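This report looks at how a few parts of a protein chain are arranged against one another. Please keep the structure in view while reading.

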Amino acid sequence: MGIRRALCSLLHYMLPRKRPLEGEAVKEGESKSVQKKSRLRCSADSNICEGSGSGSLENNSVGIGSVSFENSNSNNSDSREEPSITKMAFNTGKSHDIDEDLHSRQLAVYGRETMRRLFASNVLVSGMQGLGAEIAKNLILAGVKSVTLHDEGKVELWDLSSNFIFSENDIGKNRALASIQKLQELNNAVVISTLTTKLMKEQLSEFQAVVFTDISLENAIEFNGYCHNHQPPIAFIKTEVRGLFGNCFCDFGPEFTVFDVDGEEPHTGIIASISNDNRALVSCVDDERLEFQDGDLVVFSEVQGMTELNDGKPRKIKTARPYSFILNEDTTSLGRYEKGGIVTQVKQPKVLNFKPLREAIKDPGDFLLCDFSKFDRPPLLHLAFQSLDKFVSELGRFPVAGSEEDAQRLISITSGLNDSLGDAKLGDINPKLLRHFAFGARAVLNPMAAMFGGIVGQEVVKACSGKFHPLFQFFYFDSLESLPAEPLDPSDFRPLNSRYDAQISVFGSKLQKKLEDAKVFLVGSGALGCEFLKNLALMGVSCGDQGKLTLTDDDVIEKSNLSRQFLFRDWNIGQAKSTVASSAASSINPHLHIEALQNRVGPETENVFDDTFWENLNVVINALDNVNARLYVDQRCLYFQKPLLESGTLGAKCNTQMVIPHLTENYGASRDPPEKQAPMCTVHSFPHNIDHCLTWARSEFEGLLEKTPAEVNAYLSNPDEYKSAMRNAGDAQARDNLERILECLDRERCESFDDCITWARLKFEDYFANRVKQLTFTFPEDAVTSTGVPFWSAPKRFPRPLQFSTDDPSHLHFLMAASILRAETFGIPIPNWHPKKFAETIDRIMVPEFQPKKDAKIVTDERATSLATASLDDAVVINELIMKLENIRQNLSPRFRMKPIQFEKDDDTNYHMDLIAALANMRARNYGVPEVDKLKAKFIAGRIIPAIATSTAMATGFVCLELYKVINGGHKLEDYRNTFANLALPLFSMAEPVPPKVIKHQDMSWTVWDRWIIKGNPTLRELLKWLADKGLNAYSISFGSCLLYNSMFPRHKDRMDKKIVDLAQEVAKAELPPYRHHLDIVVACEDDEDNDIDIPQISVYFD
């Protein structure tokens, strides 16, 4: 019965985990314990959204515990049908608390515990203008339990500048009520309700966090006092965006515990030695640099000899260096270190003591600085926002844009407040800045709302979960340099009764016209692309008669996209991203002129994105997820001298880079170092962490289920051609390919599901027992190297073979996943077997006894790139293998083909990650490496990039603040900003971009942005003379990878009177399409003193 119990446990082990569907909008005052429905039906003038489901989730689902494994022949009337082995994996019973398909990228950032805390959190967002909408969107995508929207005001045309939810049809409706339906579409699992009357502080007790985006300082102090003193404290956030200025204040209570201050995995090191000293020196292997810091606490494990350190007690370190540290402890009386050991950082909780707003406004402490060129700005803005609050409380309105009288009144109020500060008085209140502050005070700009919506949304997550360090306590920001470089007349700010009036009140009508007529290329419509589309539509970019936004993305929508790519809905899954995104953007602003394409941007689509296309652009915005595509777009922008706005995110981190013609360096000018790859021998024979095991598992998956079946099909489809290719190659790789085909079609060929189970059982024995026995036979535990050093020194870990057991669910897990996928490759139907039959089949399998080979060759060279070893008789072996294959092929049906399986990480019902996780964990068990669950395995093996909506929204806000500068033109280098931000810390670092490198020659100078053009279809001789006139002696000219001219080759002098274009066609076999009227050549030059001179690329124009 052991195997039955084990198989039963697999019901839990293999099921995809999903969160119950809970979404419903709630009336004011109605209890949130209403029956949850699966689909919404909302009326336009009501805040009630009704579900179309037919019952509660609990009544419609079957719990895991209800599955019976009783004997199917029992006469007991209560016995239930035993599930088949496939139903065990595809069981759709009562789901777990997290939909991992939907939230996988977010789970990679937060982890399950943080997500569960979020799912239990109720949040209030007060003020549903642009900033409130952005915050609510990010929280709903994150998946909090409920969001309550509060606003007493009505939608105005003014709001359409920054709020993606509203349309002109909503004007006159209550803002909260007008928001509920579209926000609910973002995530049906979040309960969304509204409050449309005056908020009383006692109502705040229902929430774990409250956010106010439009509140007077007096009311904020009152509400904050209530939240601060409440038991337990209610996290309070006050934030506002006023034109190009914004601020945020956080108070999470008198004592708030941060469980994880940075979100990084605990750092580890592999120990090489520990001294017996008072303050012991711990040295680690130089496999990877240590990331420890002085004062860190660490724990030791697996230490041999000095075993006293393995007690799990955290110990403090000091003098942390790249590969060693001092242990703040006396080890003289401990055992002598022998070998082994892992040292792991212990992350400590941190308690923060927040001050209430009433105290903090008078004594703000240190401000969070984001731009060192504005180090004196936060104290002034702290004063300016208080002055604005006083202005509004006295006059009942905001300053009017362009009104010098209102600006002077605000300056006067600020001066008075400053004079009352005594010793804390500021030396300069900067009247010019305050004037701009007054002019834009009423406006909520979309880029500012997007940026602060990301920041504040993340602060709410921190408040609800204790994950990441909160903002402590004030943050001020401005982007004054986004204003037009030229002075504006007050009449420019006059409203035009348009949806862009708020933006016009800050930038004037001239820049608005430029934005509307801009021709923009947006590359990508994923998470960044969706946010950019929303921003551009609200800003009015490409919404004029002359404007056009071209969007391209060759991808389709998947379920995992929905947690952050907010323009997509579940009914869009499988559709083209660019088409759906452009349609959604047009619904935000119907005036948007957008063309959606499904082309990948690269050399192969230069007939689509041709010279004319690039030349007509004003700006390019990248929303890409891979470096190669970024580099290609960067080169195109360099070539056509177009501004490129670049950004990227990684979990809570984001960066933006402005690439401006002739002002900044290009994106490709600086590269991150390549990721360090583990040596092949480490992955295949000497793994020492779970990443190595998962890399091996993914490689084995692809080899067994994709590459080998594909090779089989290539051989069977055209045997003669395949045999010829293998004979011509005649190397170890060709031999290996043939051996794998032969093995697959002969000894390991499967014709029934029984065969597949047998194959899986023998693979288990091969992978986790026999290979380990061979390795430890070749290299025993006491083996030494040629230099006398123990072979199994750190970081190598001595492995132990596994003994298969039907009582071990993880062993059966491997067999089940492997046998089902093996059957799929052979086109064998999966039978509707009972687990009992599966067990009986396993028991019948005969596993031959393994005998290790004395002459086995195991690669130990870390520089080796292949495990296949070359042999002098490869050609002979290849011929023998081909003969054997031909004999086997004669017995196969002519139509026989295998079905290669391509790895797909985001389908929890396909067994791919089940097999990879099982492979990796069994291997980890061999080597004593900690195992991981399927989700963690999915992150690593699937190379999932952690992503959250908040950092994405923030990044696009930063970029769009730069877009104002690019479209307006006339800005200097020091006006632009590159940004790196980490919401987890939080850290904001803004700096002006790096200028391009300038090359000088005689009286000329140029940068990477320059391209020399020569027209008139010149000959080679004419080109050389044209360069000589510049004092440059060309000695080499190439087109692509082909050499057109080199001064060292006498024969090349015969080409002197040939046209460059003719040389390219004759020598380089260049194919010039009809739309191409020039070609680009690379010329190597020297000056008269034989010094190499890097000159720009040369474009030769012809008729």
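This is a predicted model: local features need pLDDT of at least 70, side-chain atom pairs count only at pLDDT 80 or more; totals for chains, interfaces and linings use all residues.

On the H11 side the contact involves Glu-404, Ala-407, Leu-410, Ile-411 and Thr-414, which meet Pro-431, Leu-434, Arg-435, Phe-437, Ala-438 and Phe-439 of H12.

## An open, mixed sheet

Elsewhere, 8 strands form an open sheet with mixed pairing, and their order is S21-S20-S19-S22-S23-S24-S25-S26. Strand S21 (594-597) and strand S26 (987-991) stand at the edges with a single partner strand each, so one side of each has no neighbour in the sheet. From one strand to the next, the twist averages 10°.

Within this sheet, strand S23 (residues 644-650) pairs with strand S24 (residues 653-659) in the antiparallel sense over 7 bridges, and Ser-647 stands opposite Thr-656 in S24.

## Helices against the sheet

Helix H17 (residues 577-588) packs on the sheet, where it touches strand S20 (548-552) and S21, and its direction makes about 165° with that of S21. Helix H19 (residues 627-640) lies across strand S22 (619-622), S23 and S24, and it runs at about 165° to S23.

## An annotated region

An unreviewed UniProt entry places the feature "domain: Ubiquitin-activating enzyme E1 C-terminal" at residues 976-1098. Over those residues the chain is 13% helix and 37% strand, with the end C-alpha atoms 30 Å apart.

Terms used
Residues are numbered from 1 along each chain as its sequence is written. Side-chain values use heavy atoms; hydrogens and water are left out. Contact means heavy atoms within 4.5 Å. Helices (H or I, at least four residues) and strands (E, at least two) are DSSP runs, numbered from the N terminus. UniProt positions are given in the numbering used here, feature names are shortened, and annotations may be inferred rather than shown by experiment. Two strands pair if DSSP finds at least two bridges between them. Axes are lines fitted to C-alpha atoms, for helices over the stretch in contact, and angles run from 0 to 180 degrees between N-to-C directions.
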